[in-house]
Structures are given as structure tokens and as C-alpha cells.
Amino acid sequence: MKPQSASSSLKNPVKFRMPTAENLVPIRLDIEIDGQRFKDAFTWNPNDPDSEVVVFAKRTVKDLKLPPAFVTQIAQSIQSQLTEFRSYEGQDMHTGEKVVPIKLDLRVNHTVIKDHFFWDMNNFESDPEEFARTFCEDMKIEDPEVGPAIAIAIREQLYEIAKQSVASARESRANKKGRRGMEHPSASKVGLPALDLGKLFSIKSSVVRKKRDADAYEPIVDHLSNEEVDALEAKEERLAR
């Protein structure tokens with residue numbers, strides 16, 4: 001995929017979507033009813049019919065033996081997140097030659113992952129799930145829940161940046177109306193990094209680790225004992241209250 005120049009992207013913004021091969025919405029649930037808490041994170045295809053939301057909620061409650069009241073709460077939370085995502089569809093967003101920092105700092109069961117790298121917002125063939133699988137293989141992580149959690153964390157950050165790009169495009173249009181006839185702003189003036197993406201990325205890769213940051217941002221994976229997990233969960237429970 002040939003990277004666009006900043007000026008090209010500003011003149012020809014793309015329509016809002018996730019900057020990944022699959023346009024999936026990151027969904028996160030954290031619901032508590034009568035002292036019972038349900039947390040989950042997954043992706044959802046925004047083109048799926050809304051009727052699937054209730055079906056999913058009922059199946060989840062049945063499989064996990066949750067109280068029936070969770071069905072409505074799960075369905076409403078998913079639906080509200082889908083509605084927000086769809087509200088951006090059709091709007092312009094500016095990516096430019098934009099390389100964004102992605103930070104991982106999460107715990108999944110007994111595994112703690114910390115990492116920092118850069119992602120190419122212009123590569124619409126990128127695959128967070130494939131990156132997560134490769135990461136787990138390289139770091140010899142065996143817990144099958146870690147890979148999906150990493151992919152979701154990446155997608156959530158890309159989603160936030162994509163929403164900011166919509167706001168940037170909106171602001172650019174407003175500025176353009178008030179500056180007719182003036183020279184088009186340069187990449188540096190609109191805050192887009194003037195980077196040569198062709199040198200940083202291969203055709204399919206979207207991740208780069210700068211050599212000078214290699215030591216500071218080397219991936220860290222820790223495995224916690226049962227006692228450490230219990231202590232962390234107790235602390236998280238107190239903070240949640």
C-alpha cells in the first residue's frame with residue numbers, strides 16, 4: 001500500500017473507519033448488578049443486524065449463568081457503543097503520514113504485558129489480531145486469553161485516534177472556509193509528522209520500533225503468582241467501589 005503524503009491526505013480525506021483490514025468495533029463491558037460483576041471485551045461487526053445484540057446477550061447470560069437482569073444491561077451497553085461508532089460513519093477523517101504511539105499496559109489472568117510501539121494509521125490492511133498472535137508466539141505466552149486482550153487494547157487506541165482524526169478533518173474544513181485563497185498549510189503547521197513511511201514500513205507491516213527506543217520500549221512480560229493476582233484483584237475491587 002503506497003503511503004499518502006500529508007498534503008494528499010488533507011486534500012483527499014478518507015471516510016471514517018477503523019484503520020485496519022477488518023472494520024471491527026472494540027466493545028468493552030463492565031456491568032454490576034446486585035453485587036455481581038461481569039466484565040468482557042471483544043470486537044463487533046457494525047454491519048451485523050442489531051437483532052444479533054440481544055441474541056448475544058441472552059446467550060452470554062445463559063452460558064455464564066448470570067441473573068436474567070444482565071441481558072438488558074449487556075444489550076444496552078453493546079448497542080450504545082455501536083451507535084457511537086456508527087455516528088462517525090460517512091464523515092471525513094485525516095490520517096496524513098501519521099504514525100501513532102500504541103501503549104500496552106494490561107494484566108490478563110496471571111500475565112502482565114507492557115510494551116510501546118508505533119502504528120501506521122494509513123495502512124488499512126493492518127491486523128491487530130495477527131500482531132497479537134505473533135507477539136504471544138515470540139514472547140512464549142501460552143494463555144489463550146492474552147492475544148485477544150492485546151488486540152482489543154490496540155483497537156481501542158486506534159479507535160480513539162480515528163475519532164480525533166474526524167475532529168481534525170472537521171476543524172480543517174472550518175479553517176479552510178475562513179482562509180480562502182491562502183497557501184495550503186504544510187504538514188508541520190497542522191501537526192502531522194513529516195516521516196518517510198516507505199522507509200519505516202513494509203507493505204503489510206504497520207508496526208515499527210525505533211532503534212533508539214529499543215531499550216526503553218522492549219516488551220515486558222511478567223507472570224504473577226496466585227498470591228500476587230489475589231492482591232491485585234482485591235486492590236482493583238476496592239478502587240472500583
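Which residue lies over the face of Tyr159? Lys163 does, at 4.5 Å from the ring centre. A charge counts as sitting over a ring if NZ of Lys or CZ of Arg is within 6 Å of the ring centre and within 35 degrees of the ring normal. Here are some notes on what surrounds that ring and on two other side chains.

1. Ground rules. This is a predicted model, where local features need pLDDT of at least 70 and side-chain atom pairs count only at pLDDT 80 or more, while totals for chains, interfaces and linings use all residues. Residues are numbered from 1 along each chain as its sequence is written, and side-chain values use heavy atoms, with hydrogens and water left out.

2. Aromatic pairs. Searching the whole structure turns up 11 aromatic pairs. Rings of Phe, Tyr and Trp (its six-membered ring) pair if their centres lie within 6.5 Å; planes under 30 degrees apart are called stacked, over 60 edge-to-face, and the rest tilted. Phe16 with Tyr88 is a tilted pair, 5.3 Å centre to centre with 35° between the planes. Phe16 sits in the loop between strand S1 (14–15) and strand S2 (25–33), and Tyr88 in helix H3 (residues 69–88), so this pair links distant parts of the chain, 72 residues apart. Helices (H or I, at least four residues) and strands (E, at least two) are DSSP runs, numbered from the N terminus.

3. Buried means under 20% relative accessible area, exposed over 50%, and partly exposed in between (1.4 Å probe, protein chains only).

4. Back to Tyr159. Phe16 also pairs with Tyr159: the ring centres are 6.4 Å apart and the planes are at 55°, so this pair is tilted. Because Phe16 is in the S1–S2 loop and Tyr159 in helix H5 (residues 146–178), the pair ties together parts 143 residues apart in sequence. Tyr159 is buried, at 6% relative accessibility. Put together, Phe16, Phe85, Tyr88 and Tyr159 make one aromatic cluster.

5. Arg155. Leaving aside neighbours within four places in sequence, Arg155 is in contact (heavy atoms within 4.5 Å) with several residues, among them Met18, Glu22, Thr43 and Glu129.

6. Gln81. Worth a look in helix H3: Gln81 is buried, at 18% relative accessible area. Not counting residues up to four places away in sequence, Gln81 touches Val25, Pro26, Ile27, Arg28 and Leu29.
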